[in-house]
Each structure stands twice: as C-alpha cells, then as structure tokens.
Amino acid sequence: TTTKEPPKIHRLDESVINRIAAGEVIQRPVSAIKELVENSLDAHSSSINVVVKDGGLKLIQVSDDGHGIRFEDLPILCERHTTSKLSKFEDLQSITSMGFRGEALASMTYVGHVTVTTITPGQLHGFRVSYRDGVMENEPKPCAAVKGTQIMIENLFYNMTARKKTLQNSNDDYPKIVDLLSRFAIHHINVGFSCRKHGAARADVHSVATSSRTDAIRAVYGVSVARNLIKIEASDDDPSSSMFKMKGFISNSNYVAKKITMVLFINDRLVECSALKRAIEIVYAATLPRASKPFVYMSITLPPEHVDVNIHPTKREVSLLNQEVIIEKIQSEVELQLTNSNETRVFEEQV
Ligand code: ADP
Ligand code: MG
C-alpha cells in the first residue's frame with residue numbers, strides 16, 4: 001500500500017511556544033526599544049535615555065525617571081500577561097497607556113537576557129534582578145539606584161540563530177532606533193530623550209523637555225527643518241460623518257528634501273497611515289514647483305471608539321473610522337496652507 005501513516009500530533013513545549021510568540025512581538029532590536037520607551041512613557045517619566053551596542057544585538061539599555069516598579073511585583077514582572085494597565089476587556093475602550101497586554105517584558109526574557117534595576121519613591125535603595133524565560137534568575141538584590149527604572153537587554157536573539165544572522169547581515173538597526181527616538185521626542189515634548197551608541201560621547205538624539213514644539217523639532221531634526229515650518233490645524237465635530245482634531249507642522253516651499261518625513265501620532269500612539277501619507281505627498285507634488293518631499297508632523301485625536309487599539313503589537317499601520325473624510329479634510333487644509341505660503345514666498349522674492 002502507498003498510503004502512509006499520518007504523523008502523530010503532539011503538544012508543543014511551553015518553552016517552544018513562548019519563544020515563537022516572543023519572536024513575533026520582538027521582531028528586531030528597534031521593536032524592543034519601542035516597547036521599553038513606551039513603558040517608560042507609561043511610567044510618567046520626564047527623561048528617557050537609550051544606549052545601544054551593536055545595533056541592539058549586544059546591548060539595549062533604557063533608563064527612565066518614572067514611578068518605578070514595586071518590590072512585591074518583581075517576581076511576576078516578566079511573566080506573560082502580567083500588567084498594571086488592564087484588568088477587564090472593557091478597559092480597552094478607555095485605555096490611555098501605550099501598553100496593556102503585559103507581553104513585552106516577558107517576550108524579551110525569552111529571546112534575550114533581561115536585567116531590571118528599579119526604585120520606587122520614598123525608598124532608600126533600589127533592587128536589581130535578572131530574568132530568563134519569564135522568571136527571576138535569583139532573588140532581587142538591593143542596590144544603589146537613581147529615581148526610576150533601568151532595563152537592560154543583553155544578547156538579544158542569542159537563542160534564535162537565523163534571526164541573529166539576518167540582523168547581523170542586514171544593515172544594523174541603529175538608524176531605525178535613532179529614527180524612532182526622534183519621532184517620540186518631537187511628540188512627547190514634555191519629556192527629554194537621548195539615544196547614543198555605547199561608549200559614544202555624543203548622543204545622536206538629544207532633546208530637553210520644552211513647551212515649544214518647534215524647539216523640539218529644531219533639537220532633533222535641525223534648523224533647516226525648524227525654520228521652514230507651517231503650523232497646521234484641522235478638525236471636524238460632526239458626529240454623523242467624522243470627529244477628529246489634528247494639529248501639526250508641515251514644511252513650507254523653502255524646504256528641500258529627497259524623502260518624505262512623516263511623523264504621525266493618533267491618540268498619542270505612533271502609527272503609520274499610508275493613505276494619509278500619499279494624500280499629502282500628492283498635494284506637495286502638485287503645489288510646489290520644486291519637487292521637494294515634505295516634512296510632516298501630525299497629531300490626530302479621535303474618539304477612542306473610532307480606533308481599534310487591540311491590534312498586533314508590531315502592527316503600526318492603522319485604519320480609522322471615516323478615514324476618507326478625515327484624509328480629505330486634512331488634505332485640503334495642507335493644500336490651503338501650502339498655497340498661501342508659496343504665494344507669500346513668490347511675493348517676497350519679487351519685491
Ligand atoms: P504592558 O506595558 O503591556 O503592561 P509590559 O510587559 O511592557 O506590559 O510591562 C509589564 C508591567 O511592568 C507594566 O504594566 C508596568 O507595570 C511594569 N513596567 C514595565 N516597564 C516599566 C517602567 N519602565 N517603569 C515602571 N513600570 C514598568
Ligand atoms: Mg509595555
């Protein structure tokens with residue numbers, strides 16, 4: 001007979017399941033850094049500092065001055081699905097924190113070596129503890145600590161040979177990490193950010209807390225961007241079509257770049273929206289004589305029930321309720337402001 005015996009079905013080991021899941025949450029060093037920085041933001045930090053070695057494969061270190069982690073919570077900190085942010089499914093509706101599913105730290109311990117140093121307000125010393133595969137490797141040790149939390153990941157993907165190889169062969173993640181921190185820094189302007197390579201004297205991103213968005217943009221993207229910006233706002237409060245508020249800055253006709261920079265936050269989450277990006281690029285191409293690509297920073301707020309936050313942790317592309325209406329409104333505002341600024345420029349050049 002030619003029919004073969006069917007292969008036997010068996011249950012995967014917990015450790016295999018966890019490592020596979022972790023590799024999906026933490027796809028590359030920059031995804032780990034995004035999770036860590038969002039945790040620091042959730043902890044109400046006013047200063048967040050990132051240090052990276054070997055594009056994040058050797059070392060990632062994120063330090064903040066936030067509220068810290070309770071000593072009692074350290075044993076379960078890195079277990080899967082442990083969180084201080086969500087209890088009931090219904091809470092997802094109203095959640096304002098970046099995280100909620102309690103998967104990030106756990107995932108990191110399945111694909112790297114994680115060490116946490118933290119101190120809570122009013123304590124004389126902090127604690128340091130390392131984790132592997134979701135659990136503490138030893139009892140937390142008392143240690144000197146400054147306000148907040150420092151999370152260190154060493155040897156990311158040490159147990160995922162193929163992943164490590166492709167990351168080593170491709171260009172390393174450092175430019176992506178700098179780009180990520182730059183985006184956070186111009187949105188969360190009440191927080192100071194820095195990002196540097198391990199051992200480097202100079203930070204590649206450096207911002208101080210400020211109340212001026214253009215100051216933050218200048219600190220991060222440079223004067224050539226900051227001095228060529230137009231403030232932009234749009235909104236709609238018609239419950240029957242779309243409800244949104246948009247505030248931001250777009251580059252004017254003096255700005256020259258080969259590539260678009262589009263920094264988009266929706267309800268304070270860093271996201272991508274390729275439809276909106278394309279709509280804005282079209283306006284620039286049609287309005288400006290020089291074929292310059294724009295710099296765009298936009299912060300959009302929507303009723304929380306109009307965006308689904310229960311998306312895959314790495315899925316950054318969003319679609320919104322009434323997306324077409326919102327994009328059209330923003331597009332025409334961009335066009336209006338750009339045309340105005342272009343005409344002013346021509347006029348100034350003539351006189
Ligand atoms: P989530 O952010 O979805 O809750 P994480 O695995 O990212 O899950 O973090 C688990 C928990 O650890 C958080 O809910 C928070 O209570 C705590 N935590 C993580 N990072 C920090 C930090 N930098 N400062 C204070 N608490 C933190
Ligand atoms: Mg988190």
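Predicted model: local features only at pLDDT ≥ 70, side-chain atom pairs only at ≥ 80, totals over all residues.
Mentor: Residues are numbered from 1 along each chain as its sequence is written, while chains are lettered from A and ligands numbered from 1 in the order in which they are written.

Trainee: What pLDDT does the protein average?

Mentor: The average is 92, and 95% of the residues score at least 70; pLDDT is the predictor's confidence in each residue, from 0 to 100. For the complex, the predictor gives an ipTM of 0.99 and a pTM of 0.93.

Trainee: Why are β12 and β13 called paired?

Mentor: Two strands pair if DSSP finds at least two bridges between them. Phe265 has Leu270 in β13 as its bridge partner. Strands (E, at least two residues) and helices (H or I, at least four) are DSSP runs, numbered from the N terminus.

Trainee: What makes β10 and β13 edge strands?

Mentor: The open sheet has 5 strands in the order β10-β11-β14-β12-β13, with mixed pairing. Both β10 (229-237) and β13 (269-271) pair on one side only.

Trainee: Which strands does helix α5 lie across, and at what angle to β12?

Mentor: Helix α5 (residues 174-187) lies across β12, β13 and β14 (295-301), running at about 55 degrees to β12. Axes are lines fitted to C-alpha atoms, for helices over the stretch in contact, and angles run from 0 to 180 degrees between N-to-C directions.

Trainee: How many residues does each domain give to the contact between domain 1 and domain 2?

Mentor: Domain 1 (14-207) and domain 2 (228-350) have bounds from an automatic or database domain assignment. The contact takes 13 residues from domain 1 and 12 residues from domain 2, where contact requires C-beta atoms, placed from the backbone, within 7 Å. Helix α5 gives 4 residues, the largest share of the side of domain 1 that touches domain 2.

Trainee: What makes a residue part of the shell around ligand 1?

Mentor: Its C-beta atom, placed from the backbone, must lie within 6 Å of the ligand. For ligand 1, 22 residues surround it, the closest being Asn39, Ala43, Thr83, Ser84 and Gly99. The elements giving two or more residues to this shell are α2 (29-42) and α3 (104-111).

Key:
Contact = placed C-beta atoms within 7 Å.
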